[in-house]
Structures are given as structure tokens and as C-alpha cells.
Amino acid sequence: MAGITIEKIEKTFGATTVLRDVSLDIADGEFLTLLGPSGCGKSTLLRILAGLEVQTGGSVAIGDRVVDGVRPKLRDVAMVFQSYALYPHMTVQENMSVPLRMRRLSNWQRLPLIGRFLPGSKAVAAEIENEVMRTAKALGIGHLLGRKPGQLSGGQRQRVAVGRAMVRQAAVFLMDEPLSNLDAKLRVQMRAEIKELHKRLGVTFVYVTHDQSEAMTMSDRVAVMLDGELLQVAPPQEIYADPDDRRVAEFIGSPKINILDAKMHENGLASMAGTAFAVRAPIARGSSLSIGIRPEAFHLVDSHGVNILTGAVRLVEHMGSDLFVHLDVPGGDHPVVARLLAERAPQISSGQTLHLGVKPERLLLFAADGKRIRPHGQLGATVVRMKERLQ
Amino acid sequence: MSTQHVAPPSAILRHAVLLITGALILIPFVWMVSLSIKPPGEIFRASFSFWPAQFYGVENYNKALTSSPLPRYMLNGLFVCATILSLQVAVCAPAAYALAKLNFPGRNLLFALVLIALLLPHEVLALPLFILGYKVGILNTYAALIFPYVVSPFGIFLFRQFFKTIPDDVVHAAKLDGFSELAIVWRIMVPMALPAIIAFGIFSVVSHWNSLFWPLIAVRDQDLMPPPLGIMAFKNEEAGNDYGPLMAATTVVVLPLIIAFLLAQRWFVEGLTSGATK
């Protein structure tokens with residue numbers, strides 16, 4: 001049982017900075033996901049937690065113990081790798097018992113041939129075999145123990161890799177994109193199983209992925225990373241609905257959020273794509289900003305007006321329950337994408353002019369540097385939570 | 001019956017070239033075997049036939065095995081080759097692991113030195129090694145036959161290339177599982193690189209079994225001689241122009257290698273190619 005405290009971690013490889021001032025508190029028993037595009041430094045951060053990579057600056061504590069410079073073996077962490085990293089020359093049984101053998105048997109007892117005749121080693125070996133068997137059965141791979149990894153399917157290998165990490169009963173579970181080598185159907189199934197595993201074990205999970213649906217469905221909190229920086233750490237729904245940064249808003253959500261350039265005018269109106277939008281935010285007159293609108297924030301209206309985008313339909317995608325409507329608006333480089341309920345939307349065909357309304361509270365305002373601008377008097381949910389904690 | 005497949009001319013040409021090359025390599029061996037079963041009178045006959053008119057094999061092989069210490073030479077060869085190979089693997093595998101998977105300053109320089117050593121023919125080093133052996137006082141012992149070959153640049157290079165193809169994740173997993181660096185080498189890397197190690201083993205055994213130049217310099221004592229040097233001594237002292245027993249002795253010397261190669265053939269081919277694609 002252990003939480004993790006990451007403090008001001010820096011990592012550079014030669015001249016390139018991979019991690020920049022990353023600080024993060026992970027609670028005991030939490031499922032935290034590091035989410036970001038490939039190359040953002042999330043795997044490097046995970047390797048630093050495991051002790052496989054040494055940070056250039058900063059410090060990591062697992063539980064109450066600072067583990068900088070502590071060897072991976074002694075950190076009480078287990079890890080599942082993207083490539084599974086099974087030992088191909090060992091059977092499933094041997095693969096899964098390695099971590100226990102290395103810890104519970106002495107050097108002499110591990111010797112081939114003579115090791116098993118040394119005092120005590122037989123009892124320990126039997127105990128290990130039992131534990132491996134139990135774990136394997138729990139994962140549904142009990143019948144595969146005699147096979148080698150080469151004879152297993154991708155999903156089975158993945159389970160063996162999880163099993164090898166599980167037998168250790170480590171305080172922290174690290175997972176580096178464990179599902180990315182599986183096909184789509186299996187991925188959804190394993191997603192649920194890993195979530196289930198987390199509930200059952202009750203230990204801290206740190207999960208690295210570039211797949212937002214994995215992050216959104218499994219995590220207690222999501223930490224969004226970009227270019228070696230931690231942009232926002234929050235529960236999934238908050239990351240989606242209340243992003244702190246334009247880059248977070250753009251990374252999360254499919255189809256992607258619509259971001260439009262706007263200019264601030266007097267009396268709380270901003271002009272964008274040929275329309276005026278009522279904006280309640282402390283923004284100086286004449287300054288430019290970006291406004292983000294999620295595709296599902298739009299609703300159909302009859303005529304043009306304030307808070308209503310008007311444009312020509314370029315493309316309609318039928319998704320069954322939903323329609324994705326691509327709309328060309330004046331001044332926009334990209335079409336605006338709106339997600340409308342199929343039953344509420346009448347027949348829409350390309351070329352048609354459409355009016356889409358947005359409620360003011362669903363507008364996400366971003367300053368020129370990408371930081372979120374919140375309306376008067378409203379604090380970000382993260383700030384609110386921090387205030388509550390302080391009181 | 002119908003002709004199912006007619007080979008195109010290019011295929012015929014290809015096979016012809018292969019057959020001719022194969023024959024060129026095989027003919028000396030066939031000749032050697034043929035001579036080893038002929039009586040002296042037939043050996044210098046102008047006409048050639050593989051089978052002798054009078055089978056003289058028993059006498060030739062008997063003379064080869066009894067009038068010279070051929071079994072002793074063979075045991076020497078076995079001992080020297082086995083020791084060289086085990087020491088080579090013991091040195092090369094950790095060195096190759098360090099060059100392939102560990103990050104330390106000077107790694108590239110060290111690897112460049114390995115490549116340079118790979119370019120040097122061993123004969124170039126014969127004189128310095130001889131002087132060194134004299135100073136250390138190991139000339140004319142088994143040690144003189146073994147030590148110059150313990151560090152094999154070829155082995156380090158081959159293993160390094162193979163270890164490079166093993167994903168880093170496996171090494172990381174082993175570290176988390178609690179293996180020490182040396183345990184990673186012996187318990188994880190070497191078993192995974194078994195084809196490469198067997199291929200290297202064949203190269204090593206063949207070249208040291210057949211080695212003549214260095215043993216000629218390093219040992220004088222007949223009890224220490226490996227097979228080729230022994231055969232040379234046998235030729236000078238015993239056989240003279242008696243080619244039958246001499247060829248019988250050479251056949252006996254070559255035989256273990258042929259048997260070993262046939263047994264390990266599958267591994268050998270796999271070892272040479274599997275590092276390249278994975």
C-alpha cells in the first residue's frame with residue numbers, strides 16, 4: 001500500500017528535454033492514467049517511477065520512502081510492458097514464478113540441479129507454485145502454464161504479463177500501454193478486466209496510454225501530458241468538460257473540439273465566424289481569444305442571432321444514433337463539426353444553410369497563450385477542490 | 001504422364017554454377033578418402049578411380065592410428081577447442097551485453113576497438129604473442145594454445161548484434177523481477193541468443209581444430225599437439241611418402257567436424273540469419 005509523490009522531475013537526453021518540472025501526487029489505491037500523444041514523455045516518467053531510468057532532477061517517493069537511486073528490484077513496484085517482455089525460453093509457469101523465485105530463494109537455492117535439494121528450498125518452491133497457480137486461475141490462464149510464450153495468442157500473452165506482475169503483490173502497479181498490441185474487441189474486454197483487477201487488488205495503479213477512451217473509462221484521475229509538461233490532472237469528466245488548457249481540450253474528445261478565433265468587443269460580446277457571442281469573462285476590449293465548442297454543445301435553431309453560428313453544410317455523417325454535421329462558417333479554416341441527435345435533426349443535406357445555437361455556459365474561452373479564461377466569479381474545478389481541501 | 005514443370009534456362013545455369021562450385025570444394029575431400037583406402041602402388045597410378053582395385057583401408061587406418069599418437073592429438077584438439085569455446089563465451093557474452101544494452105561513457109569507442117580487432121588477422125599478432133608467452137613462461141603448454149584466443153572480437157560482435165535485437169523491455173522486466181546484470185546475461189540473454197551462440201561455437205571449434213600456424217609456433221612437445229600439427233609431424237617422421245596412412249589420418253581428423261556440422265546444421269543456418277530479421 002503506497003501512494004506516490006513526484007516532485008519537480010526533470011529529464012533530459014543530451015540537448016532534448018523530455019520532462020519539464022513534473023510534480024504529481026498519486027493517492028494510495030488510486031488509478032491514475034498518464035495520457036498524451038507518443039513522444040510526450042509519459043513512458044519516460046513511468047520508467048523513472050520504476051527506477052529503470054534516472055531523472056536529471058527532482059525526486060520520487062513511494063509511500064513514505066524516497067526512492068531516488070534505489071534499484072528497481074527494491075522499489076516494490078510491478079510493471080506490465082507494452083511488448084509484454086516475457087522470457088521466450090521459459091514456460092508460462094516459469095515466467096510467472098521468476099519474480100517470486102528471485103525474492104524468496106537464495107542464490108544457492110536458485111542454482112540449477114543442486115538448488116532444489118538444499119534445505120528449505122522445496123517448501124518455498126511448492127509455495128511459489130501454489131501462488132502462481134492461484135494467480136493463473138484468477139486470470140483464466142491456468143491451463144496454459146506448461147506452454148511457452150511463442151505458443152500463445154496476443155491476449156493470452158497479455159494475461160501472462162499481467163500475471164507476472166500480479167504474483168509479486170507489489171504496492172504499485174505500473175502499466176505501459178498494455179493494451180496497444182491487442183485488437184479492438186479484446187482491448188475493450190481487457191479494459192474492463194484491468195479495472196476489475198484494480199478494484200480487487202486495491203493497490204495504486206499508474207497507467208500510461210495515448211488512447212483517450214482507455215484513460216476516460218478506467219481512471220480515477222487522468223494526467224494529461226504534452227511535450228514533457230503536465231497540463232492538467234483531474235477526474236475524466238472534468239478533463240473533458242472543464243479543461244485548463246487549449247491543448248487539453250484539443251487532445252480529449254472525438255470528434256475533436258471546434259476552436260474558433262474571436263475578437264473581444266464592448267459590452268461583453270465577442271465576434272467570431274460572423275456572429276456575436278455573449279461572453280462573461282474578464283477580457284480587455286480588442287484582445288483576441290479562441291473559443292472552444294464541443295460538437296455536442298450545438299443545437300439546431302431556426303434563425304440567425306446572438307450565440308448562433310450560421311454556415312453551409314459541407315458533409316453529413318450518419319453514425320446511427322448521432323449525426324456529425326460538418327459546417328463551413330465564415331472566416332474558419334476548418335469546418336465546424338456538430339454532433340446532433342439523429343431523431344431530433346430533420347433531413348439535413350449538404351449545401352443547405354444551417355443555424356446552430358450554443359448556450360453561453362458551454363463556450364470554453366482560451367487566451368492567446370492557450371490558458372483557459374473562466375467567466376467572472378467562476379473558478380476552475382481543480383482550484384475549487386484545492387480550496388475545499390485547505391479548509 | 002505429363003511434364004509438369006520445365007526449368008527455365010536461368011535456373012539450369014544457376015544449378016550448374018552451384019554444382020560446379022560444390023564439386024570444386026568436394027573433390028579434394030573425395031580424393032583424400034579415396035587415397036586413404038588404396039595401397040601404395042595404386043596411389044601414383046596415372047588413371048583415376050575412386051574405388052581401389054585392392055582394398056587397403058584397414059592397413060592404412062590401422063597404421064595411422066597406431067604408428068603415430070593420433071588419438072592423443074585428437075584428445076588434445078578436443079580439450080583445447082572445448083576450453084577455448086567455453087572461455088570465449090564466458091568473456092564475450094558479458095562484454096557483448098555491456099556494448100548492446102548498457103549506457104556508459106566510452107561505449108562507442110570500445111565497440112570501435114572491437115571492430116578494429118576484427119579486421120586484424122591473428123597471424124599479425126603471432127610474434128608479439130610468442131614473446132609475451134615466453135616472458136610469462138607458458139610456451140609449450142596447453143595455456144599457450146588457449147589464451148591467445150580467449151577474447152574473440154568476432155564473438156563479441158556477433159553476440160552484440162544479436163543482443164541488440166532483444167527488446168529493451170525484456171531487460172527492464174528482468175531488472176524489475178530482481179535479476180542482477182550478470183544474471184540477465186546468463187539467464188535471459190544467452191538462452192534467447194542460443195542460435196547465435198551455437199553458430200559461433202561451430203565457427204570457433206572449426207577454426208581452432210584446424211589451426212596450424214599458432215600451434216606450430218607455440219608448442220614443440222608432441223603430447224600437446226592438436227591434430228593438424230600432429231599430422232604434419234607424422235608426415236615428417238613416419239610416413240614420408242607413405243600417403244595412404246597419411247590420408248587415413250587426415251580423414252580421421254576431419255570426420256568429427258563433419259559429424260558435428262551435420263548435427264548442428266539447423267542451428268547454424270538459423271543462427272546466421274535470425275539476427276537480421278525479427
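The crossing of α5(B) and α8(B) is left-handed; a crossing is called left-handed if the near helix is turned anticlockwise from the far one by less than a right angle, and right-handed if clockwise. This is a predicted model, in which local features need pLDDT of at least 70 and side-chain atom pairs count only at pLDDT 80 or more, while totals for chains, interfaces and linings use all residues. Residues are numbered from 1 along each chain as its sequence is written, chains are lettered from A in the order in which they are written, and side-chain values use heavy atoms, with hydrogens and water left out.

Staying with that pair, α5 covers residues 107-119 of chain B and α8 covers residues 153-165 of chain B. Helices here are DSSP runs of H or I with at least four residues, strands are runs of E with at least two, and both are numbered from the N terminus. The axes of the two helices come within 8 Å and cross at roughly 130°, which makes α5(B) oblique to α8(B). Axes are lines fitted to C-alpha atoms, for helices over the stretch in contact, and angles run from 0 to 180 degrees between N-to-C directions. Under 35 degrees counts as roughly parallel, over 145 as roughly antiparallel, 65 to 115 as roughly perpendicular, and the rest as oblique.

Which residues of α5(B) meet α8(B)? They are F111(B), V114(B), L115(B), A117(B) and L118(B), and across from them in α8(B) are P153(B), F154(B), I156(B), F157(B), R160(B) and Q161(B). Contact means heavy atoms within 4.5 Å. Nonpolar covers Ala, Val, Leu, Ile, Met, Phe, Trp, Tyr, Cys and Pro; charged covers Asp, Glu, Lys and Arg; the others, Gly among them, are polar.

Next pair, also in chain B. Helix α4 (residues 70-101) and helix α10 (residues 181-192) of chain B have axes 10 Å apart and pack at an angle of about 100°. α4(B) and α10(B) are therefore roughly perpendicular to each other. The contact of α4(B) with α10(B) has 11 nonpolar, no polar and two charged residues. Among those that meet are Y97(B) and K101(B) in α4(B), and E181(B) and W186(B) in α10(B).

Now a pair in chain A. Helix α2 (residues 92-104) and helix α3 (residues 121-138) of chain A come within 10 Å, axis to axis, and cross at roughly 135°. α2(A) and α3(A) are therefore oblique to each other, and their crossing is right-handed. This contact has six nonpolar, three polar and five charged residues. R101(A) and R104(A) in α2(A) and E127(A), E129(A) and E131(A) in α3(A) are among the residues taking part.

On to domains, with bounds from an automatic or database domain assignment. Chain A is divided into domain 1 (4-241) and domain 2 (256-386), and their C-alpha centres are separated by 41 Å. Chain B has domain 1 (9-63) and domain 2 (68-273), with C-alpha centres 31 Å apart. In chain B, each domain gives 11 residues to the contact between them. The area buried there is about 960 Å², with 75% from carbon and sulfur atoms. Buried area is the accessible area (1.4 Å probe) that two parts lose on being put together, summed over both. On the domain 1 side, M32(B), Y61(B) and K63(B) lose the most, together 50% of what that side buries.

How much area do chain B and chain A bury between them? About 1,600 Å², 64% of it on carbon and sulfur atoms. The contact takes 14 residues from chain B and 22 residues from chain A.

Last, backbone details. Most residues other than glycine have a negative phi, and most peptide bonds are trans. K8(A), in strand β1 (residues 4-13) of chain A, has a positive phi near 50°. A cis peptide bond joins S254(A) and P255(A), with omega about -5°. P255(A) is in the loop between α8 (246-251) and β11 (258-264) of chain A.
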